[in-house]
Amino acid sequence: MKNLIKKFFDNEVLSYLFFGATTTVVYLGTRLLIFYLTNHTLLSAIIANIVAIIFAFITNDTIVFKQDRKGWNVRFIKFVVARLGTLFLDVALAALLIDWFPNIIGQFVNNNRQLINGIEAIFSQVLSIVLNYVFSKLFIFKNKKT
């Protein structure tokens, strides 16, 4: 069993998908909690993204892309800059689909704002996972441990 788990995490794509899903759970849990407490779309999206960015960097740097510890701070800056792009996408989609045009999703869920927020968050995260893998693979995590 230990060898099977090691093999799984040695596969970069499978490992990225696993930690991408885990990051999504962290993001969604944070976003839904903050939204529940404040009923504020943008605040919940921004705080959830900050928490998810930190969690994702740690897992991607150490486990997925197996980077040397040297140069982590430069990678972190690149990672944050790339994730700010997907943060902007998330915030724009949240404003568009929850605040400005909630009926696009709302027509399917009796205009329940909590459900509209949850559906938009999942949609946004799927787009973010794909874009973040491309950014990470091509621009950020290039030097593997030797």
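Leu115 has a relative accessibility of 44% and therefore counts as partly exposed; buried means under 20% relative accessible area, exposed means over 50%, and partly exposed lies in between, with a 1.4 Å probe and protein chains only. Leu115 is located in helix 6, where helices are DSSP runs of H or I with at least four residues, numbered from the N terminus. From C-alpha to C-alpha, Leu115 is 8.7 Å from Ile105, and the two are 10 residues apart in sequence.

A word on the basis of these values. This is a predicted model, in which local features need pLDDT of at least 70 and side-chain atom pairs count only at pLDDT 80 or more, while totals for chains, interfaces and linings use all residues. Residues are numbered from 1 along each chain as its sequence is written, and side-chain values use heavy atoms, leaving out hydrogens and water.

Helix 6, residues 113-140, also holds Asn132. Asn132 has a relative accessible area of 5% and is therefore buried. Leaving aside residues up to four places away in sequence, Asn132 touches Tyr16, Ala82, Arg83 and Thr86, contact meaning heavy atoms within 4.5 Å.

I turn now to the salt bridges. There are eight in the structure, each defined as a side-chain nitrogen of Lys or Arg within 4 Å of a carboxyl oxygen of Asp or Glu. In one of them, Arg31 pairs with Glu120, with the closest N and O atoms 2.7 Å apart. Arg31 belongs to helix 2 and Glu120 to helix 6, so this pair ties together parts 89 residues apart in sequence. Arg31 is buried at 0% relative accessibility, and Glu120 is likewise buried at 0%.

A further salt bridge joins Arg113 and Asp99, at 3.3 Å from N to O. This pair links helix 6, which holds Arg113, with helix 4, which holds Asp99, across 14 residues. Arg113 is partly exposed at 30%, and Asp99 is partly exposed at 34%.

Finally, how do helix 2 and helix 4 pack? Helix 2 (residues 12-38) and helix 4 (residues 72-100) meet at an angle of about 45°, with axes 15 Å apart. The two helices are therefore oblique to each other. In this contact, helix 2 contributes Tyr16, Tyr27 and Arg31, and helix 4 contributes Arg83, Asp90, Ala94 and Ile98.

Definitions and conventions. Axes are lines fitted to C-alpha atoms, for helices over the stretch in contact, and angles run from 0 to 180 degrees between N-to-C directions. Angles under 35 degrees count as roughly parallel, over 145 as roughly antiparallel, 65 to 115 as roughly perpendicular and the rest as oblique.
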